[in-house]
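I record here what I looked up in this structure, entry by entry.

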Amino acid sequence: MDLRTRVTLLSESRDRDGPAGVPARAGELSSQPGAPVGITRVTHPGHGPTRLMRVMQTNACSLSCGYCPTFCGGKVRRTYLEPEEVARVFMSAQRGGLADGLFLTSGVPGRPSKMTDRMLATVDLLRRREGFRGYVHLKLLPGAERAQVEAAVRLASRVSINLEAPGDGYVRALAREKDFGGDLLPKLELAGRLVLERRRIESPARSGAIGPTTQFVVGAAGEADREILGLVARLERQRLLHHAHFSAFQPVVGTPLEGQRATPAARELRLYQAEHLLRQYGFEYDELVFGTDGNLSLHDDPKTAWALAHPERFPIEVSRAPYEALVRVPGIGPATARSLVAARPRSVIRGSGDLRAAGVDMARAGWFLTLGGRRLAHAPRPQQLRLFAPGEHLTQAPFRTPVPPCAYR
Ligand code: SF4
């Protein structure tokens, strides 16, 4: 197989970076004559848009993750890229102005430490031989050794380790060779501590190190949102995790979990929204509202669910309320709350139009606000607050994909 064919097989051109991602224009980039494949435009919150080459070192794998098309029994063409080849293809894209950063992941053929060494060799070539100082995201493999985690944190801008699920039993149900308590969680915590240490010793600008990320495959193992978010909240509070990704489980043709029901995409969205409340809105984990099944509401977004459960906190007077109260109103985000507070000393809010112009989603916020003592909207009807109905966007049929659906998060 020639190099271009192997890179095509081992990369993905669709955007899969969660809600923060910008719709892919990779096809456009990759279709340029001679251009390398697998480059996707993504937006990193706070860092703006960037073009990432996302590639697997190999799609050969001896593990049996039930959701993954490249599991050991999967009928996919297996191939491999040498560290030298990844470095060459990436540097040619980077020097040609087509890629800004690299996202490197891999299957696990045989001993995890052997393939991890090859991934580290790839990044080492970029850093030392090529002098590339830009963004490199290295996804550490299950079973990576402690010294390899240390080397990864030294070399990469960001490392990630997929926890897959919030506990031993759940992870075993998804991937029997993966060890949550003995491998994945302690390695993620180690990576988090090492990044903190690196940032303490070097300035953030010089180190370029960003906190680790992780990913959960949601819904296939019977875990509850409460358990996922409890773990995420604890890791983020300890600053061992920068943020988490959530992938609603979708059955893939030919995989061990092919016959299992898909998880509603709305559940993935609710988890992202709840994680944002914890990380960016000042909410505590204990404040999240879960149903009796331990899951977030699919009808109401998590902030609306919290607001409806706390009628004693509302309405609030928009002309006087502090930032901390405004940011808890459904339909008002941190940037809008900040700009409302900053604008009040020099301008008068005359009505809903001004609030709308300032970025307030009045359909969601109106009922929870007063202006001059008057409520700005009638009580919300359920459909005004609903973003998704349960089951909406549900992929019922198993779908086909040559790369793991969650490989690049
Ligand atoms: S998710 Fe990763 S480790 Fe699991 S089977 Fe797929 S490629 Fe292998």
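**Entry 1: G143.** I located G143 in the loop between β4 and α5; helices (H or I, at least four residues) and strands (E, at least two) are DSSP runs, numbered from the N terminus. I note that this is a predicted model, in which local features need pLDDT of at least 70, side-chain atom pairs count only at pLDDT 80 or more, and totals for chains, interfaces and linings use all residues. Residues are numbered from 1 along each chain as its sequence is written.

On the scale I used, a residue is buried if 20 or more other C-beta atoms lie within 10 Å of its own, exposed if 12 or fewer, and partly exposed in between, with C-beta atoms placed from the backbone.

I then listed the contacts of G143, two residues being in contact if their C-beta atoms, placed from the backbone, lie within 7 Å. Leaving aside neighbours within four places in sequence, G143 is in contact with V108, P112, S113 and D183. For G143 and D183, 40 residues apart along the chain, I read a C-alpha separation of 6.4 Å.

**Entry 2: helix α5.** I moved on to α5, residues 146-155, and found V149, A152 and V153 buried there. Viewed down the axis of α5, the buried residues fall within an arc of 95 degrees, so they line one face of the helix. The arc is that of the directions from the helix axis to the C-beta atoms. The cover over these buried residues includes α4 (112-129), β4 (136-139), β5 (158-160) and α7 (180-201).

Q148 also lies in α5. Not counting residues up to four places away in sequence, Q148 touches S113, T116 and L120. Q148 and T116 are 32 residues apart in sequence, and their C-alpha atoms are 7.3 Å apart.

**Entry 3: strands β6 and β7.** How do β6 and β7 pair, and over how many bridges? Strand β6 (residues 213-218) and β7 pair in the parallel sense over 6 bridges; I took two strands as paired if DSSP finds at least two bridges between them. Among the facing residues, Q215 stands opposite H245 in β7, and T214 has A244 of β7 as its bridge partner.

I checked burial next. In β6, 6 of the 6 residues are buried, so the strand is largely enclosed by the rest of the structure. T213, Q215 and V217 point one way from β6, T214, F216 and V218 point the other way, and all are buried. Strand β7 (residues 243-248) is mostly covered, with 6 of its 6 residues buried. On one side of β7 are H243, H245 and S247, on the other A244, F246 and A248, all of them buried.

**Entry 4: the open sheet.** I found 3 strands forming an open sheet in the order β8-β9-β10, with mixed pairing. Its edge strands are β8 (316-317) and β10 (374-375), each pairing on one side only. Strand β9 (residues 369-371) is joined to β10 by 2 bridges, and the two run antiparallel. L371 stands opposite R374 in β10.

**Entry 5: nonpolar cores.** I defined a nonpolar core as a set of buried Ala, Val, Leu, Ile, Met, Phe, Trp, Tyr and Cys residues joined through C-beta atoms within 7 Å. The largest has 81 residues, of which Y67, F90, L104, L138, V153 and L174 touch the most other members. Helix α7 gives the largest share of this core, 7 residues. Another core lies apart from it and has 17 residues, including I332, A337, L340 and V360.

**Entry 6: the ligand shell.** Which residues are closest to the ligand? I found 10 residues around the ligand, the closest being C61, C65, C68, F71 and G107; a residue is near a molecule if its C-beta atom, placed from the backbone, lies within 6 Å of it.

**Entry 7: the chain as a whole.**
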